[in-house]
Amino acid sequence: MPALEMPIEEELVQMARRTGELGPDEPMRPTLREFADHVAGRCARIGDLYGDWDRNAGDHIRAVMHDVPALMPKPGTDGGPACE
């Protein structure tokens with residue numbers, strides 16, 4: 001995870017507050033977190049259609065949303081990131 005990125009749980013809470021789903025001091029509700037997981041899962045299934053079968057955009061989405069570093073994209077052959 002890049003140094004400037006915040007943990008996904010914190011980012012989801014901030015997004016929920018910006019959209020009015022959570023109050024300023026309200027913690028993440030389990031049902032709202034589950035909803036976010038379902039949306040991320042749908043996005044990941046779309047991402048599965050792009051890239052290699054064993055390494056694709058869906059894997060990157062799962063890596064970020066579920067904090068699974070092993071699924072993060074490997075650096076590209078030019079030394080830069082494979083996805084941003």
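Contact here means heavy atoms within 4.5 Å. This is a predicted model. What covers the buried residues of helix 1 includes helix 2 and helix 3 (57-65).

**Helix 1**
- Four residues of helix 1 are buried: Ile 8, Leu 12, Val 13 and Ala 16.
- These four sit on the same side of helix 1, because they cover an arc of only 140° around the axis.
- Gly 20 follows helix 1, and its phi is positive, near 85°.

**Largest nonpolar core**
- The core has five residues: Ile 8, Leu 12, Ala 36, Ala 40 and Met 65.
- Ala 40 is in contact with Ile 61 and Met 65, leaving aside neighbours within four places in sequence.

**Second largest pocket**
- The second largest pocket holds about 250 Å³ of space.
- Its lining includes Leu 12, Ala 36, Ala 40 and Met 65, which are also members of the largest nonpolar core.
- Met 15, Ala 16, Thr 19, Glu 21, Met 28, Leu 32, Phe 35 and Val 39 also line this pocket.
- Helix 1 and helix 2 each supply at least two lining residues.
- Helix 2 gives the largest share of the lining, five residues.
- By type, the lining residues are ten nonpolar, one polar and one charged.

Terms used: Residues numbered from 1 in each chain as written. Predicted model: local features only at pLDDT ≥ 70, side-chain atom pairs only at ≥ 80, totals over all residues. Heavy atoms only, no water. Core = buried A, V, L, I, M, F, W, Y, C linked by side-chain atoms within 4.5 Å. Buried < 20%, exposed > 50% of the residue type's maximum accessible area, 1.4 Å probe, protein only. 1 Å grid on protein atoms, 1.4 Å probe; cavity = no way out; pocket = protein on both sides within 12 Å on 5 of 7 lines; lining within 4 Å. Points joined across faces, edges and corners; volume = space filled by probe spheres on them. Nonpolar A, V, L, I, M, F, W, Y, C, P; charged D, E, K, R; others polar. Arc of directions from axis to C-beta.
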